[in-house]
Amino acid sequence: MGFGSYDESEQKEQTTDDEDVEAVNVHENDHHGEMSFESDVSTDELVDQLGSMKSDDEE
């Protein structure tokens, strides 16, 4: 077999036993609520800090 080859018989013979499979609950850790915080820093100062951090990443 060369690179990227596979045995097609192995692909055809795959079976799954659905009785042993447990479903995954993707909403198990969903958060329904609100979050808030208070800060003494103004929005303009926060935007300036973000700009500074972005320019540091570009260097």
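Me: Is D57 buried or exposed?
Reply: This is a predicted model, where local features need pLDDT of at least 70, side-chain atom pairs need 80 or more, and totals for chains, interfaces and linings use all residues. Residues are numbered from 1 along each chain as its sequence is written, and side-chain values use heavy atoms, without hydrogens or water. Buried means under 20% relative accessible area, exposed over 50%, partly exposed in between (1.4 Å probe, protein chains only). D57 has a relative accessible area of 67%, so the residue is exposed.

Me: Which helix holds D57?
Reply: Helices are DSSP runs of H or I, at least four residues, and strands are runs of E, at least two, numbered from the N terminus. The chain has two helices and zero strands. D57 sits in residues 43-58, helix α2.

Me: Which backbone nitrogen does the side chain of E45 reach?
Reply: E45 belongs to helix α2. At 42% relative accessible area, E45 is partly exposed. A polar contact pairs N or O atoms within 3.5 Å; within protein, one must be able to donate a hydrogen and the other to accept it, and residues adjacent in sequence count only if both atoms are side-chain atoms. At 2.9 Å, the E45 side chain reaches the backbone nitrogen of S42.

Me: How far is the backbone oxygen of S52 from a polar atom of the S55 side chain?
Reply: S55 is also placed in helix α2. Its relative accessibility is 33%, so S55 counts as partly exposed. The distance from the S52 backbone oxygen to the S55 side-chain polar atom is 2.9 Å.

Me: What percentage of the 59 residues is buried?
Reply: The count covers the whole chain of 59 residues. The buried share is 0%.
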